[in-house]
Amino acid sequence: QKADVTIKINTSQAKDTISKHIYGHFAEHLGRCIYDGFYVGEDNTTISHTDGVRNDIIQALKDLKIPNLRWPGGCFADTYHWKDGIGKKEDRPTIVNRWWGGVTEDNSFGTHDFLNLCEVLDAEPYLSANVGSGTVQELIDWVQYTNHNLQSPMADLRRENGREKPWNVKYWGVGNEAWGCGGNMRIEYYADLYRKYATFMAGWSGDNKIFRIASGATGDDYHWTEVLMKQVPYELMEAVALHHYAVIDWTVKGPSKDFDSEIYFKTMKAATLMEEYVTKHSAIMDKYDPENKVALFVDEWGGWYDTEPEIQNGVLYQQNTMRDAMIAASTLNTFNNHARRVKMANIAQAVNVLQAVILTDEEKMILTPTYHVMKMYAVHHDALLLPTEVDNIYYSLGDEKIPAISVSASRDDDNSTHISVSNIHLNKNILVEIDLEKIEYKNISATIVTSSKVQDHNTFENPENITIKDFTDFKNKKGSLKVTIPAFSVITFEIK
Ligand code: AHR
């Protein structure tokens with residue numbers, strides 16, 4: 001039978017490494033992400049924790065091998081004053097979360113709590129600093145506090161607060177969404193402001209090099225990237241950010257689990273725009289930076305729906321279905337395939353907010369379909385990208401169409417090849433033929449994330465409804481792999 005789609009793996013063109021940081025996460029002071037999510041407090045006696053952070057979340061994120069964690073925002077970052085979150089907890093002032101629910105927080109989760117958590121997770125911290133309502137001094141003090149190893153006012157203050165060694169934080173966001181909640185700035189103004197902030201930021205400890213990340217565009221705002229690249233010299237900027245959410249309509253975002261086939265199509269259309277955005281922003285960066293010195297960090301991405309109606313005060317809390325698994329697969333394939341320029345990405349957000357990998361309800365915790373896709377894709381961390389060529393077919397609705405099959409492939413240090421293929425079509429099982437002629441191997445195995453309905457999800461009552469399963473329904477003959485990818489499924493092959 002003739003395949004619907006053929007895939008070629010161009011091993012001879014392999015040259016870029018897929019940065020593991022593409023598989024990064026994001027934790028904002030928003031809804032129940034930090035408080036009543038990660039952090040349940042040092043005095044909690046019902047939930048097992050380490051310094052107030054849930055042990056089940058720590059274990060799940062370690063199992064996922066999360067490479068980095070971005071904090072404290074998001075929009076919250078440009079209202080956050082880090083000095084209010086250090087020192088004795090009972091002495092800390094409160095802060096009203098102006099963007100997310102107007103709740104009053106007690107600053108009990110601060111810099112030490114976050115950076116110690118990252119150490120426990122073995123993840124690089126990414127601090128998103130306040131430009132909108134902060135000062136240059138406040139930001140450079142924060143860098144000195146976390147990174148200086150000798151005597152200095154901020155390093156001494158850190159020692160007074162119980163931490164001798166610096167944490168050596170590498171990743172620093174210079175504001176967030178400067179075009180919106182970060183200060184409603186024009187890029188022409190922000191680019192100059194960025195230059196000023198970046199000038200005073202130093203790595204401090206030995207040869208600890210910091211990454212300064214300029215607040216980037218949203219979606220197709222190419223003017224933003226163009227001006228940033230034109231106005232800011234390489235020496236001042238290690239990365240440019242980009243945000244894109246899979247949203248069907250910002251006024252009515254639709255339900256997170258009871259959606260119909262039209263909403264599903266529209267969500268996938270919005271999600272697959274990531275390919276176009278990354279391609280076009282990268283092309284602008286190539287024009288000004290042909291040597292690829294400045295990285296593109298997609299430091300917020302994911303599906304965004306209406307908050308679950310039955311959840312009280314559930315700011316941006318949403319369920320996570322097979323649709324989210326499909327967003328994750330397609331987006332991660334895009335990032336893998338753009339490994340040359342995209343060096344970091346952060347799904348929004350890790351716990352209880354937007355496309356979360358983890359949901360909690362008091363002492364219960366579940367892993368979402370998105371978690372399982374990210375876990376399945378961990379084989380691509382720091383592996384050599386093998387470029388692919390796809391003779392695709394389309395999934396359409398009315399006049400609109402999107403490629404049905406999405407793929408990325410890599411080879412790891414043990415010489416195993418991994419090919420991740422997803423079929424986002426809602427109704428069609430697609431026969432795919434993968435040409436393996438250029439690959440030497442003895443054995444092929446595969447795993448799948450799928451379900452019988454695209455609305456299926458994990459619940460606190462049925463937490464294992466969707467997980468990673470073994471998959472054997474493929475044929476391998478004379479250097480060719482034939483497989484029918486079921487509608488809305490993700491498969492990863494291991495070839496070794
Ligand atoms: O992730 C939720 C919000 O989305 C972030 O705070 C903001 O940066 C973006 O608009």
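This is a predicted model: local features need pLDDT of at least 70, side-chain atom pairs count only at pLDDT 80 or more; totals for chains, interfaces and linings use all residues.
Q: What makes up the surroundings of the ligand?
A: The ligand is surrounded by E28, G73, G74, C75, N176, E177, E300, A348, Q349 and L354.

Q: How many residues of each class are in the shell around the ligand?
A: The shell has 3 charged, 4 polar and 3 nonpolar residues. Gly counts as polar, so G73 and G74 of the shell belong to that class.

Q: Which residues of helix α1 are called buried?
A: In α1 (residues 55-63), they are I57, A60 and L61. The cut-off for buried is 20 or more other C-beta atoms within 10 Å.

Q: Why are the buried residues of α1 said to share a side?
A: I57, A60 and L61 are the buried ones. They cover an arc of only 95° around the axis, which puts them on the same side of α1.

Q: What covers the buried residues of α1?
A: The cover includes β4 (53-54), α2 (111-121), β14 (358-361) and β15 (364-367).

Q: How do you know that the span of helix α5 agrees with its 14 residues?
A: At 1.5 Å a residue, α5 (residues 187-200) should span 20 Å. Its end C-alpha atoms are 20 Å apart, so the two agree.

Q: Which residues of α5 are buried, and which are exposed?
A: I187, Y190, A191, Y194, Y197 and A198 are buried. They cover an arc of only 130° around the axis, so they lie on the same side of α5. On the other side, E188, Y189, D192, K196 and F200 are exposed.

Definitions and conventions:
Residues are numbered from 1 along each chain as its sequence is written. A residue is near a molecule or strand if its C-beta atom, placed from the backbone, lies within 6 Å of it. A residue is buried if 20 or more other C-beta atoms lie within 10 Å of its own, exposed if 12 or fewer, and partly exposed in between; C-beta atoms are placed from the backbone. Helices (H or I, at least four residues) and strands (E, at least two) are DSSP runs, numbered from the N terminus. The arc is that of the directions from the helix axis to the C-beta atoms. Two residues are in contact if their C-beta atoms, placed from the backbone, lie within 7 Å. The expected span of a helix is 1.5 Å times one less than its number of residues.
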